[in-house]
Amino acid sequence: MKCPKCGQEYEGSACPNCEPGPEIIVNNADYLRRKEAYEKKQAETAEVNVPAEELTASTADEIFTTEPLTINKKGPKGTNISYQLRIDFPSQGPEQLLSSARKAIKRVMLGAEADDRTTKEGLDAIAQRFIETSSREIQELQSAATEESSLAYTYEGTILMTENTATYITYHLNDYLYSGGAHGASRDFSFTISKTGAQQMDWNDIIRSECRKDLEAKVKKAIIEEYYQGEEPEWGEVFKFALPEQAPALTDSGLIFNYASYEIDCYAAGKPHCTLPYGEVREMMTPEARALIRPLKQDKNTPTNKRQQ
């Protein structure tokens with residue numbers, strides 16, 4: 001491996017000339033394992049990913065591919081601060097599709113702060129800001145503390161591609177942030193990028209506005225059955241049921257709906273989620289969204305989850 005700082009070739013996880021510099025973590029084994037599982041799934045479900053009539057590419061991999069990217073940073077010596085993010089980073093494909101996928105990743109990490117920086121620059125900047133902000137906060141807390149304490153600030157996250165069909169890509173984000181207090185904060189949701197429209201899909205792209213109320217009833221029923229195992233929570237003044245803020249995502253089993261912590265229940269209840277098969281929601285979806293699932297042969301001929309069997 002070549003050190004990105006001094007250029008020396010070396011073996012191991014850190015350059016001997018630059019120690020104790022940032023550790024370089026290579027997730028090649030993990031990437032190859034996930035790649036093998038993905039290729040096996042593609043081979044087993046070859047009929048599922050038949051391109052739509054308007055597409056000319058023969059396989060999803062010929063349209064869009066990724067490469068593993070890890071951002072790993074540690075705080076100053078003597079602090080317990082760490083930041084690690086693993087991403088299936090969009091690497092090859094049509095320029096507009098690559099741009100949209102990278103912007104979607106940057107948006108879920110930076111939110112309203114997403115700017116004109118490239119995705120890699122933006123992701124590196126937020127990691128560095130976490131290290132610097134955490135260092136200042138720990139220094140301030142330690143200077144004010146009457147007893148010596150060991151504070152640990154950490155961020156761990158993954159943004160992995162879970163679906164790569166002829167018409168859409170779905171990513172799943174799972175992360176955890178701890179910066180003091182009783183517990184940390186976490187996120188766990190999926191988001192979809194259309195290959196035909198080359199854009200991240202939001203609520204208006206997937207569900208017809210006039211169908212939201214009917215959809216809410218279906219999601220509520222599914223959440224109670226699948227997540228709460230048939231026991232309906234006491235929704236009332238504190239927590240009220242509604243559709244999640246995060247738009248649903250397309251999967252080979254149907255639309256997946258993810259709720260954030262505190263969105264419809266207390267922190268201890270976790271992050272509720274459910275999947276509705278396309279047979280239940282197809283008529284509620286926009287024509288554009290229905291076109292993306294048109295090639296999915298299993299939606300018509302085979303059961304997609306336990307509730308259909």
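Reply: Start with the sheet. An open sheet of 6 strands runs in the order E1-E2-E3-E4-E5-E6, with mixed pairing. Its edge strands are E1 (65-74) and E6 (199-200), each of which pairs on one side only. This is a predicted model, in which local features need pLDDT of at least 70 and side-chain atom pairs count only at pLDDT 80 or more, while totals for chains, interfaces and linings use all residues. Residues are numbered from 1 along each chain as its sequence is written, and side-chain values use heavy atoms, with hydrogens and water left out.

Me: What counts as a strand, and what counts as pairing?

Reply: Strands of a sheet pair through backbone hydrogen bonds, either parallel or antiparallel. Helices (H or I, at least four residues) and strands (E, at least two) are DSSP runs, numbered from the N terminus. Two strands pair if DSSP finds at least two bridges between them. Here, strand E5 (residues 185-194) and E6 pair in the antiparallel sense over 2 bridges. Ser194 has Gln199, in E6, as its bridge partner.

Me: Which residues does Gln199 touch, leaving out those up to four places away in sequence?

Reply: Contact means heavy atoms within 4.5 Å. On that rule Gln199 touches Ser100, Thr192, Ile193, Ser194 and Asp205. Gln199 and Leu97 are 102 residues apart in sequence, yet their C-alpha atoms are 7.2 Å apart.

Me: Which strands does helix H3 lie across?

Reply: Helix H3 (residues 95-110) lies across strand E2 (80-92), strand E3 (152-164), strand E4 (168-178), E5 and E6, and runs at about 160° to E2. For such angles, axes are lines fitted to C-alpha atoms, for helices over the stretch in contact, and angles run from 0 to 180 degrees between N-to-C directions.

Me: How many salt bridges are there?

Reply: Side chains of opposite charge can pair when their charged atoms come close. The rule asks for a side-chain nitrogen of Lys or Arg within 4 Å of a carboxyl oxygen of Asp or Glu. By this rule the count is 5 salt bridges. One of them joins Lys73 and Asp124, with the closest N and O atoms 3.3 Å apart. Lys73 lies in strand E1 and Asp124 in helix H4 (residues 119-144), so the pair ties together parts 51 residues apart in sequence.

Me: Is Lys73 buried or exposed?

Reply: Buried means under 20% relative accessible area, exposed over 50%, and partly exposed in between (1.4 Å probe, protein chains only). Lys73 has 17%, so Lys73 is buried. Asp124, at 35%, counts as partly exposed. Another salt bridge is formed by Arg208 and Glu210 (2.9 Å, N to O). Arg208 is partly exposed at 28%, whereas Glu210 is exposed at 54%.

Me: Which residues have the most contacts inside the largest nonpolar core?

Reply: In soluble globular proteins, nonpolar side chains tend to be buried together. A nonpolar core is a set of buried Ala, Val, Leu, Ile, Met, Phe, Trp, Tyr and Cys residues joined through side-chain atoms within 4.5 Å. The largest one has 33 residues, and those with the most contacts inside it are Phe64, Tyr83, Leu85, Met109, Ile159, Tyr171 and Phe191. H3 supplies the largest share of this core, 8 residues. Apart from this core lies another, of 31 residues, among them Val219, Leu243, Ala247 and Tyr278.
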